[in-house]
Amino acid sequence: MVLRFRLGLADLAATYFACSPLQETVLSLRMWTHPGQYPHGAAFEAMRPAFEALPDAPLLRALVASNKYVPDFMTPRPSVPFPDFAAELAAVRAFEPARLRRELDVTFRPHDREVPPLLAAFDDRPAELIGRIADALEQYWTRVLEPAWWPRARSVLHADIVHRARVLAERGAAGLFADLDHRLRWTDGVLTIDRDWGDSDLDIVVDRRGMTLLPTCFARGAITAIGPDLTPSISYLARGQGNLTGPADPPPAPQALEQLLGTPKARILALLQEPTATTELARRLGVTPGAVSQHLAVLHATRLVTRARHGRLVLYARSPLAEQLIGP
């Protein structure tokens, strides 16, 4: 089956990337129901005691179908590129209770044949269930993901967006969509995505609603909403997944570069294979962010790194001169 998004020129012009902390919170629930299917197992096992201590951990697990689908209302399309978690969660709380049962049916019945009993128990109290789900997501975010996971994931997601922007500038829309995932094809104003749900092809006219592209750490390929009222958005697997755990040791820098710049600055350049934030560089080097900042200031002053702000994050990248010094 395929899904076709028909985009006019105005739709393509309004297409933007977004980094959603709520989407990552919701999709990460798959780590607790389908362990071993994503490359972040060790990091999440370290967070398991905190997750299991959540009073609504069973409810959070129940929100993931056996085929890993989650109800669409929990991942509303971001209205800005770098949304705040609290603002996104407010959209979940505002979801219309009368529509909840339909959302749950679409998520669970085609594959599991029934809505999980823990959710079905609220059939006559949909507003209460929405509130419980929102409260559970908030606790999961604040007690588990935000302290230990989000700083690393945010760096990866922002770096991915930087890379995609470069691809768009160099290769245009067709090159961008081809680079996102092999499931996507762009031809004559139609973005086609291969999908593994539904019993027929679907055509969605975007009609000036724009398209949002969201990198994620919890997908095996490009995905979109599963409900009948599809929002024009596509989530895809972000690059740089290895940086979420990081190798035991940073990659070695060329010896000549160490002699020229000193070991700390050379190691930082070696790590900047993708745009990276100061805190992530510090984590991988095992030093303080302050120490990294001092070296980055020198590298920036000598035009060996560039920096750009993305939302609340500043990402550093090698300059063309640094790429020449690093070599192939």
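User: Which residue stands opposite Val305 in β10?

Analyst: In this predicted model, Arg318 of β10 is the residue facing Val305.

User: What makes β9 and β10 a pair of strands?

Analyst: Pairing calls for at least two bridges. Strand β9 (residues 305-310) and β10 share six bridges, in the antiparallel sense, so the two strands pair. They also form a hairpin with two residues between the strands, where Gly311 takes a positive phi near 65°.

User: How do you know whether β8 and β10 pair?

Analyst: The same test works here: at least two bridges are needed. Strand β8 (residues 276-277) and β10 have two bridges, again antiparallel, so they pair. One contribution comes from Thr276, whose bridge partner in β10 is Tyr316.

User: Why is β10 called mostly covered?

Analyst: A residue is buried if its relative accessible area is under 20%. In β10 (residues 313-318), five of the six residues are buried, which means that they fall under that cut-off, and the strand is therefore called mostly covered.

User: What is the order of the strands in the open sheet?

Analyst: The three strands run in the order β2-β6-β7, and their pairing is parallel. The edge strands are β2 (16-17) and β7 (233-237), each of which pairs on one side only.

User: How do you know that β6 and β7 pair?

Analyst: Strand β6 (residues 212-216) and β7 are joined by five bridges in the parallel sense. The requirement is at least two bridges, so they pair. Within this pairing, Pro215 stands opposite Tyr236 in β7. Helix α10 packs on the sheet and touches β2, β6 and β7, its direction making about 130° with that of β6.

User: What makes the space lined by Ser155 and Val156 a cavity?

Analyst: In a cavity, a 1.4 Å probe fits but cannot get out. The structure holds one such space of 30 Å³ or more, and the largest cavity has a volume of about 80 Å³. Besides Ser155 and Val156, its lining includes Asp160, His163, Arg239 and Thr276. Helix α10 (residues 150-180) supplies the largest share of this lining, five residues.

User: How much space lies in the largest pocket, and which residues lie nearest its centre?

Analyst: The space comes to about 910 Å³. Of the 42 residues in the lining, Asp72, Thr75, Thr224, Ala225 and Ile226 lie nearest the centre. At least two lining residues come from each of α2 (21-27), α7 (100-112), β4 (190-194) and β7. The lining divides into 19 nonpolar, 10 polar and 13 charged residues.

User: What makes Trp150 a lining residue of the second largest pocket?

Analyst: A lining residue has an atom within 4 Å of a point of the pocket. Trp150 is one of the 15 residues that line the second largest pocket, so it meets that cut-off. Pro21, Pro83, Arg154 and Arg312 join Trp150 as the closest to the pocket's centre. Two or more lining residues come from each of α9 (126-148) and α10, with α10 giving the most, four residues. This pocket holds about 300 Å³ of space, and its lining has nine nonpolar, two polar and four charged residues.

Notes. Residues numbered from 1 in each chain as written. Predicted model: local features only at pLDDT ≥ 70, side-chain atom pairs only at ≥ 80, totals over all residues. Heavy atoms only, no water. 1 Å grid on protein atoms, 1.4 Å probe; cavity = no way out; pocket = protein on both sides within 12 Å on 5 of 7 lines; lining within 4 Å. Points joined across faces, edges and corners; volume = space filled by probe spheres on them. Buried < 20%, exposed > 50% of the residue type's maximum accessible area, 1.4 Å probe, protein only. Contact = heavy atoms within 4.5 Å. Axes fitted to C-alpha atoms, helices over the stretch in contact; angles between N-to-C directions. Nonpolar A, V, L, I, M, F, W, Y, C, P; charged D, E, K, R; others polar.
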